[in-house]
Amino acid sequence: MQTGISGEILKIENLSFSYEKTQQVLKDINLTAVDGESIGIIGANGIGKTTLMKLLVGLYTDYQGTLEVAGHQVNKKNLAHIREHIGYVFQDSDSQLFLSTIEDDVAFGPRNYGLSEEEVEKRVTEALEKVHISELRNKQTYKLSGGEKKLASIATILSMKPDIIIMDEPSIALDPRNRRNLIKILNEIDSLKIITSHDLDFILDTCERCLLLDEGRIIADGGSREILMDKELLEAHGLELPLSAGRMS
Amino acid sequence: MSSIEKNIRELDKLQNLQQRSHWMNSLHPLGKLLLSIFYIFVTVSFDKYSLAPLIVMAIYPLFGFIVGELSFKEGIYRMRLILPLVIFVGIFNPFFDKRIILEVAGIGISGGVISMLTLMLKGFYSVLSAYILIATTSIDDICYALRILRVPKQIVIVIMLIYRYFGVMAAEADRITTAYKLRAPKQNGIHYKAWGTLVGQWLLRSMDRAEDVYESMLLRGFTGDFSMRKHKTAATDILYPAIWGLIFLVIRFFLIKIL
Amino acid sequence: MHMADALVAPAVAGTMYVLSAGAASVSVKKVREENDPKKIPVMGVMGAFVFATQMLNFTIPGTGSSGHLCGGMMLSAMLGPYAGFLTMIGVLLVQCLLFADGGLLALGCNIWNMAFYGCFVGALLIWRPIMKKGASRVKILLASILGCVLTLQMGAFSVSLETMISGITELPFSVFVATMQPIHLAIGFVEGLITAAVLIFVHEARPELLWGVGQSETPVKEGKLSFKNTIVVIAILAALAGGIVSLFASAFPDGLEWSMEQVAGTAELEAAGGAYDTATAIQDATSLLPDYAFKNSESAVGTSFSGIVGALVVVAITVGACYAFRFFKSKKKEEQVA
């Protein structure tokens with residue numbers, strides 16, 4: 001499924017990348033995405049999902065092809081600019097939250113972009129409200145539960161008001177209730193979301209669009225339902241049908 | 001309970017104390033830090049025979065514990081790490097210094113006994129006053145004070161990160177040792193054959209974590225510095241440490257002559 | 001080996017703070033010159049790692065006891081001496097604040113005794129020269145044991161020296177040293193073995209993570225040895241000298257002073273010897289609060305019976321006042337709530 005040209009926030013054309021010259025991790029990736037979309041990226045372990053994510057945020061810049069975020073080519077010169085538009089939620093919340101209190105951590109991004117203290121204050125309040133954890137504001141990070149840490153991690157990104165939010169395995173290590181809560185909250189956020197996950201049910205619940213990656217290529221790009229119901233396609237690429245697929249068909 | 005769990009619990013308790021809403025907690029961290037250091041400085045500056053004024057110096061930790069509603073048990077428990085060396089250093093004084101310098105009801109007390117007592121008091125006071133500081137001031141606030149004192153940001157940021165990740169790492173250490181003990185129930189520590197792999201793998205994982213932390217900072221605009229929330233200064237922030245400082249000086253220079 | 005505040009005189013604490021701060025400022029400059037923003041988070045996470053590993057117990061074969069990892073050596077083998085030193089400062093400060101291991105005033109001493117020797121002597125004088133032509137299992141083992149033993153000996157000797165100069169203990173210097181050094185010899189050996197095991201693993205899994213392997217000495221611009229560098233060189237030489245002396249002291253504890261007469265206390269206290277006299281002289285000269293030492297007088301200041309009673313009365317009154325203060329404060333609070 002190709003989305004329309006207007007409102008294009010992410011544009012990837014013929015993108016290829018390799019860590020060392022010998023082995024190519026990503027081959028000829030083409031992808032465009034518009035505001036408000038939510039895209040799930042699925043695929044077996046080690047096929048380049050995380051690499052693709054890290055390319056989007058400019059952690060690697062020596063790629064071939066075109067990669068544009070909010071109209072800017074991702075390169076060393078543009079990095080500061082790119083990163084104002086795109087946020088990354090790490091798989092391990094403890095790596096994401098490196099300050100002792102939630103308030104300071106959520107304020108970290110806005111402060112670095114030189115906003116006034118009042119504006120920082122406002123951003124923190126809004127971001128915490130969006131993920132429904134205002135009461136954790138002054139809590140010490142170390143004391144939070146896994147679910148709370150995940151929501152706080154998302155708040156640290158929301159406070160920067162990015163156009164694109166990238167999430168690496170957001171549902172991992174969450175209990176069913178926290179997972180359900182996370183799905184609800186993610187569906188309330190209206191920025192472009194790109195989510196990688198092995199939790200295919202989670203993708204089904206949060207993303208309308210889905211990309212299947214294997215051996216560094218996009219194998220399928222389409223509606224989440226169509227791709228995630230396609231047993232043969234999934235199994236051919238080392239995945240299995242989501243649990244809820246049985247219920248829906 | 002393993003020693004790791006004990007440490008984790010101690011950390012928990014301290015963080016709970018730091019989060020209390022007590023007026024001592026909300027004093028400016030710089031004043032509290034300087035006050036603590038000055039108190040210890042004055043305390044250890046007393047001569048080894050100056051027992052009486054040193055007893056009076058107890059008023060500061062007593063005030064801190066009573067008014068600050070801290071547990072004496074916790075404070076004294078914190079002596080355990082430094083006590084062995086202090087005892088080793090002081091315990092022989094009575095054997096070497098036998099001059100009688102004080103008579104109580106006809107019984108002579110030697111200089112060695114007095115100097116041992118003053119050494120112990122100094123040890124207690126310094127640990128208790130440091131506890132008052134850390135029970136009312138978070139490490140982040142102490143870091144804020146350090147930045148005001150012009151400690152380079154490289155050091156201060158590293159301190160903040162060590163503090164943040166100590167809890168995470170301690171929990172990992174706990175999991176590692178528990179997993180190890182469950183499979184090696186008869187050992188009271190890690191067998192030498194596992195030294196390298198067990199800690200080594202953990203180290204490599206930690207390096208990967210450091211990489212993630214760095215990327216997470218970078219993606220939120222990190223350029224080498226942490227800007228911190230500013231603390232407002234009120235009159236009490238200056239008065240509280242200033243009054244105590246004055247009291248210490250009075251004890252040190254005037255009371256010492258009377259007692 | 002953490003020193004407590006009670007064991008140091010203000011002048012000694014101050015001096016050691018200044019020395020440690022000097023080494024720290026050189027390190028900050030070096031780390032800044034490297035201009036690697038990644039270094040800071042790596043230092044923080046590795047510092048927490050080393051802090052946590054200190055809580056692990058390693059069984060020592062053939063004994064019932066257990067040992068720990070040597071932080072300074074470990075950190076400088078991973079991060080280099082400068083970043084390693086700054087990280088150790090962080091570890092020591094957090095240890096001191098959270099767990100009262102060491103003291104706020106003695107922090108300068110502890111940084112010097114543990115971090116300075118461990119990082120600078122350990123990394124620059126032992127690790128790097130040995131790893132000059134590449135690393136191997138044997139070389140890592142050798143460097144780790146040598147580094148840990150030597151730097152711990154220097155540290156232990158410094159502890160003895162600082163305590164002596166502070167005039168805290170009546171224990172003869174030689175006895176103190178003769179107790180400290182052999183204990184730390186054993187500890188150093190075990191720490192060296194544990195540290196080596198971990199570093200060998202790293203060498204085999206991710207050799208690029210080890211610092212200073214296959215690196216020759218950093219080229220020093222000829223004739224342009226800066227003042228700071230000179231100080232560092234002098235400090236390292238002084239540390240080395242101290243280490244050598246300490247080795248001798250532990251190898252040949254002065255037999256005379258071990259005698260029973262000494263322990264019985266009949267012999268003169270001059271056992272502490274010249275070092276103590278010089279030290280007192282230095283302390284008198286540098287003391288920030290100079291007029292307290294009762295030099296030749298026999299009557300100790302503030303040691304009369306009535307004085308002690310008076311002191312106890314003051315303390316009792318304060319305790320009463322504190323409880324009263326707390327009582328009224330909480331009452332006021334309740335009223336406000338009500």
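This is a predicted model: local features need pLDDT of at least 70, side-chain atom pairs count only at pLDDT 80 or more; totals for chains, interfaces and linings use all residues.

Trainee: In what order do the six strands of the open sheet in chain A lie?

Mentor: In chain A the order is 6-7-8-3-9-10, and the pairing is mixed. Strand 6 and strand 10 (217–223) form the edges, each pairing on one side only. From one strand to the next, the twist averages 15°.

Trainee: In which sense do strand 3 and strand 9 of chain A pair?

Mentor: Strand 3 (residues 38–42) and strand 9 (residues 209–214) of chain A are parallel, with four bridges between them. Within this pairing, A:G40 has A:C210 as its bridge partner. Helix 1 (residues 49–56) of chain A packs on the sheet and touches strands 3, 6, 7, 8 and 9. The direction of helix 1 makes about 150° with that of strand 7 (164–168) of chain A.

Trainee: Which way does strand 1 of chain A run relative to strand 2?

Mentor: Strand 1 (residues 8–18) and strand 2 (residues 24–34) of chain A run antiparallel and are joined by seven bridges. A:S18 is partnered there by A:Q24. Strand 1 of chain A also pairs with strand 4 (residues 64–69), again in the antiparallel sense, over five bridges. In strand 4, A:L67 stands opposite A:I12.

Trainee: How many residues does each chain bring to the contact of chain A with chain B?

Mentor: The size of an interface is often expressed as the accessible area lost when the parts come together. Here we have residue counts: chain A gives 26 residues and chain B gives 23. On the side of chain A, helix 4 (102–112) provides the largest share, five residues. That side divides into ten nonpolar, ten polar and six charged residues.

Trainee: At what angle do helix 10 of chain B and helix 4 of chain C cross?

Mentor: For a helix pair, one considers distance, angle and hand. Helix 10 (residues 153–183) of chain B and helix 4 (residues 81–99) of chain C have axes that come within 9 Å and cross at roughly 55°. That angle makes the two helices oblique to each other, and their crossing is right-handed. Among the residues that meet are B:I155, B:F166, C:L86 and C:V94. The contact comprises eleven nonpolar, three polar and no charged residues.

Trainee: Where do the domains of chain B lie?

Mentor: The domain assignment gives domain 1 as 20–137 + 230–259 and domain 2 as 151–228. Their centres, taken over C-alpha atoms, are separated by 35 Å.

Definitions and conventions: Residues are numbered from 1 along each chain as its sequence is written. Chains are lettered from A and ligands numbered from 1 in the order in which they are written. Axes are lines fitted to C-alpha atoms, for helices over the stretch in contact, and angles run from 0 to 180 degrees between N-to-C directions. Angles under 35 degrees count as roughly parallel, over 145 as roughly antiparallel, 65 to 115 as roughly perpendicular and the rest as oblique. A crossing is left-handed if the near helix is turned anticlockwise from the far one by less than a right angle, and right-handed if clockwise. Two residues are in contact if their C-beta atoms, placed from the backbone, lie within 7 Å. Ala, Val, Leu, Ile, Met, Phe, Trp, Tyr, Cys and Pro count as nonpolar, Asp, Glu, Lys and Arg as charged, and the others, Gly among them, as polar. Two strands pair if DSSP finds at least two bridges between them. Domain bounds come from an automatic or database domain assignment.
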